[in-house]
Structures are given as C-alpha cells and as structure tokens.
Amino acid sequence: MPSASHGAAVPPWPDFRDPAFLRGHVRQTLGFYAGRALDPAGGFFHFFKDDGTVYERRVRHLVSSTRFVFNHATAFRAFGDESDRAAARHGLAFVQQAHAHPQGGHAWMIDWDGTRAHLLDDSHQAYGQAFVLLAHAHALMAGIEEARAGLDAAVGLLDRRFWEPAHTLYADEATADWRIGAYRGQNANMHACEAFLAAHEATQDERYLRRSLQLAEAVTQGLAGQSDGLVWEHYDSHWRVDLDYNRHDRTNIFRPWGFQTGHLTEWAKLLLQLRRRLQQAQQDVPDWLLPTATRFFDTAMQRGWDEVHGGLVYGFGPDGAVCDADKYFWVQAESLAAAAWLAVTQQGCAGPGMAAAAERSWTWYRRIWAYAWQHMIDHRHGAWYRIRTPDNRAYGDEKSPAGKTDYHTMGACHDVLRALGEPMAAPRA
C-alpha cells in the first residue's frame, strides 16, 4: 500500500467515474472546512493549515470570499442542505458589503476587524469581478433571489469599466480611481468566460452566452494565433504577447510566466461546456470548439505530464521545456475535469477514431485521479494539498491560503458529473 507524503495510508482506488464517489468526495472536502471556515462576524476565514487550524483571521481576499459562495451554493444544489444555502447567503452579503470598494466595485483585499473592513489593496481587478459574477450566478441558481441584482451589477461593472470592444476582451487592472493599467492578461478573460456561462445558466439570457463565445474566440483563436496556437498568459496594452512579464517571478499565483498546463486544460473544459450549452440553446456551434479543446488538452498532457514522478507540472516555456515543475492542486483538478468532458464529447461524435480517442481521454482521467489520490489528497484531515515539489514532497503545512478554498477540486467533481449527464441534485434516499 503506497503512503501519502504526510504518512497516512492511501485508501484503495475507488471507481473515479462513479457518481456516488464524486458526490462523496465533494462531501468529504466540504467536511474539512465545516465548523471552522465560516466567521459569524462576517464572511469566511481564508487561511488554513493542513489540520484545519486557522492561521490568519483578519485578511480577506476577494477571490476566496467569492469562491466560498460558489462552494456552498453548489453544495446546496447538490445535496439540499439548507445550512449550505445559508452559508452562501452569508458569504454573498460579505462580498457585497465588506468588499464594497469606495470607488465602486469590490476591493481585492481587505483587513476585517469583525465589524468593518480596511483596505489592504485598493486596486480593481477584472479577475476578481469575474468571480463576483460567478458567485452571484451560482447563488441565484441556489435560490438566493437577492443575488439577481448583484449579478446585473457585476455584468454592468465589467462592461463599463474593463470591456475593450475593439479586442472583445476585458482589460485586467485599474487603480482605485479607475485608471486602466497597461497590463493585459488572458486569465481574467478565461474566468469571465466561465462566469458568463454560469450567468447564462442562471438567467437563460442569451447575451451572456454570446459573451462567453466572444471571449472564448478572442483568446483561443485570436490571442493563441500569436503563440503557435496555444494560450500565452501576458500581453501589453495592445494585446501583443509579452514574453518577459514575470519571467523571473514565481510568486504571483494569478499571473504566472509561461504556458500554463492547467489553463490549457481549463480552456479545453470551458470550450466543451460552451459547445454543449450552444447545442442546448439551439445556437450555431462553431466548428473550432472541439478541435481546439482537443489540441489544448493533448498538448498539456504531452508537455505537462511528469513521466518520472507523476502528475502535471505547472508550466512550460515557448521552447516546450518545463519552466516550473511544481505540482499544483488546481492543475490536476481542472485537467481531470477536462479529460472527462473530452471523453464524453468524443463518445458522442461519429467518425473514425473517435471511440479510441474517447478511451485515451478516459485513460488520462484515471491517471490524473490516481496521481491526485496518492499525492494531492489529504486522506487524514480532508481536502487537497495546495502544492507539492516536483518529486511530490510538501513545501510546508499551509493547505489552503487565500485563493484556494478547494473551489477547483469540488468544482471538478461537479463538472465531471455534468459531463456524465448526472443531475445537479443528488438522488434522495
């Protein structure tokens, strides 16, 4: 029996495609945060050690604040526990009130003293606003009707402050008084695509589906045309590739250098979700969606899989060489979800080679899950570790600092269930 890096025995592999396993894993992951994450004075705590100890109680990051809303809203829809809907409502109120920026929008980072918020970072971030939209969309789908106005406001702010119609993309960052900076990035636009897909699901407003398609085409067809068909992360104010931005800085988790293995697979998943949504809405389906998703996924596996130690590395450079061999939780989670979506899509397509392609995708799904099961999942305390060294050792005992919340890992399980055609609500006993 192999053992995880913390010494606990790794349970035998389950059937990773079994809906009961996927739902059970979501419940187990939620269990890590239960009873310790929710702050009765407002929002959620954002910093957890491996054993669940909260090691910072005041700093609140907009990304974590919104992702906790997502976690509990999706949990309510899956399991029907009113405590999850109450937690989502509690978190949404904190986003709307404590994160309210004096200049409009939502503050990126605050110090919460239990009664009021103090700005720690007064910049405006399109990435953060995309997650504000995502949180409101999922809250609305969980039956929190007061989220509807916030959803409309989030869309209005993104379009009014960040939208660049000449490029059909969102700018990235603004100062407190809304002066747009020179940096442009694909990451904010990828999560905006995700958020607009959720907004369409919540409202059935076709404007949001069109915006998702616009963003997907601008990034995966337009910007990718500058980088041999792959998605580079960083651009200048004219949306030209910037190969030097953060080249020597590995500390910025939202703006990493290089081609990101996990962003290629995340885009693959989003393109396939967009394809299905367009089909369901009886809209024209562009013929580039499936081939692009397939190319992104295959490239990520070819260049990102560590044949020696297992798992997918963080990133690789323009020359194809690995530039960051660390193993991040979210890369594995997004990639297994993408593998499932690709397999199911390939199974539904007629044509030579599709059955074999689907089996290859399912093989990757099992391989990534098996790696995560052995090295990334904490079988003692619950949830996933955030990061491992290239040879799968721990860097420290910070399991969930600001930004994690296991939104990617639980979201991946929900995504696989959706790919399989499972209803969002679990069968009731």
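Helix α6 (186-203) gives the most to the lining of the second largest cavity, with three residues. The helix and strand labels used here come from DSSP runs numbered from the N terminus, with helices being H or I runs of at least four residues and strands being E runs of at least two. A cavity, on a 1 Å grid over the protein atoms alone, is a set of points where a 1.4 Å probe fits but cannot get out, and its lining residues have an atom within 4 Å of a point. About 230 Å³ of space lies in this second largest cavity, where a volume is the space filled by probe spheres set on the points, and grid points are joined across faces, edges and corners. Its lining has 19 residues, and Arg67, Ile253, Phe254, Trp330 and His408 sit closest to its centre. The elements that supply two or more lining residues are α6, α8 and α10 (329-347). Sorted by class, that lining holds ten nonpolar, five polar and four charged residues; Ala, Val, Leu, Ile, Met, Phe, Trp, Tyr, Cys and Pro count as nonpolar, Asp, Glu, Lys and Arg as charged, and the others, Gly among them, as polar.

A quick word on what you're looking at: this is a predicted model, in which local features need pLDDT of at least 70 and side-chain atom pairs count only at pLDDT 80 or more, while totals for chains, interfaces and linings use all residues. Residues are numbered from 1 along each chain as its sequence is written, and side-chain values use heavy atoms, with hydrogens and water left out.

Back to the cavities. Of the 22 residues lining the largest cavity, Phe70, His138, Glu194, Gln273 and Asp415 lie nearest its centre. Five helices each supply at least two lining residues here: α2 (62-79), α4 (126-141), α6, α8 and α12 (407-419). This time α12 gives the most, with seven residues. The lining of the largest cavity has eight nonpolar, six polar and eight charged residues.

Now for the charged pairs. A salt bridge here is a side-chain nitrogen of Lys or Arg within 4 Å of a carboxyl oxygen of Asp or Glu, and the count comes to 25. Let's start with Lys327 and Asp306, whose closest N and O atoms are 3.0 Å apart. The cut-offs are under 20% relative accessible area for buried, over 50% for exposed, and partly exposed in between, with a 1.4 Å probe and protein chains only.

Asp244 and Arg247 form another salt bridge, again with closest N and O atoms 3.0 Å apart. Asp244 is exposed at 54%, whereas Arg247 is partly exposed at 36%. Asp391 pairs with Arg393 in a salt bridge, with 3.0 Å between the closest N and O atoms; Asp391 is partly exposed at 33%, and Arg393 is partly exposed at 49%. Salt bridges that share partners also join Arg77, Glu201, Arg277 and Arg418 into one network.

On to helix α7, residues 206-222. Its 17 residues should span 24 Å at 1.5 Å a residue, and its end C-alpha atoms are 23 Å apart, which agrees; the expected span is 1.5 Å times one less than the number of residues. Buried residues of α7 include Tyr208, Leu209, Arg211 and Ser212. They pack against α5 (147-162), β7 (163-164), β8 (169-170), α6, α8 (261-280) and α9 (289-304).

One of those neighbours, α9, has 16 residues and reaches 22 Å from its first C-alpha to its last, close to the 22 Å expected. Among its buried residues are Leu289, Leu290, Phe296, Phe297 and Met301. The cover over the buried part of α9 includes α7, α8, β13, α10 and α11 (354-375).

Finally, look at His167, in the loop between β7 and β8. His167 is partly exposed, at 32%. Beyond its neighbours within four places in sequence, His167 is in contact (heavy atoms within 4.5 Å) with Ala218, His238 and Trp239.

Note on methods
1 Å grid on protein atoms, 1.4 Å probe; cavity = no way out; pocket = protein on both sides within 12 Å on 5 of 7 lines; lining within 4 Å.
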